[in-house]
Amino acid sequence: MDKFIKQLDPNLDYINHEINDGKCYITVASNRKEVTCPFCGQSSSRIHSTYNRTFQDLPIQGNKVFIIIRNRKMFCDNHDCSHTTFAERFDFISSKAKKTRRLEDEIVRMSINCSSVAASKALKENVVDIGKSTVCNLLKKKKHRLLTKYNDTKN
């Protein structure tokens, strides 16, 4: 299981997992010694607090996967920074997202050729807990990213 977690992010360590009713809950923690403030770029090793953050990832063996990360809130020691604390962030998930980027990409891939209702129904069966409005929002987000990328290459 640790190898699976390292594929998500090498800075995560596997703690434990539990499988109940077709859902796999995997608990992980960061192994970083220092974390960079996303607002000013200064490194910090001072922990303010920790909290559990839960999000969904790609399924494993037909089980929906929920990752519980023991996320850290850090102090920013830069007196010029507009924030005194910040939460640790990871590349595989947006700061407030409930699904990993790779899961979002899979949802879009599976939803692109059908209605949001049909996609939601199919995805709920064995991939992810999702509603039709979330499917629509992810498709719009993907379309916006593609248009932005296209316009950037055009200019």
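Strand β2 (residues 23–30) and strand β6 run parallel and are joined by 7 bridges; two strands count as paired if DSSP finds at least two bridges between them. Strands here are DSSP runs of E with at least two residues, numbered from the N terminus. This is a predicted model, where local features need pLDDT of at least 70, side-chain atom pairs count only at pLDDT 80 or more, and totals for chains, interfaces and linings use all residues. Residues are numbered from 1 along each chain as its sequence is written, and side-chain values use heavy atoms, with hydrogens and water left out.

**Partners of β6**
- With strand β5 (residues 47–60), β6 pairs in the antiparallel sense over 11 bridges, and I47 stands opposite M74.
- The hairpin of β5 and β6 has 2 residues between the strands, and Q61 takes a positive phi near 50° there.
- Strand β7 (residues 85–87) runs antiparallel to β6, with 3 bridges joining them; here F75 faces T85 as its opposite residue.

**What the record says**
- UniProt, in an unreviewed entry, lists residues 34–79 as "domain: Transposase IS204/IS1001/IS1096/IS1165 zinc-finger"; such annotations may be inferred rather than shown by experiment.
- In the model, that span is 0% helix and 67% strand, and its end C-alpha atoms lie 18 Å apart.

Methods: Helix = DSSP H or I, 4+ residues; strand = E, 2+ residues; numbered from the N terminus.
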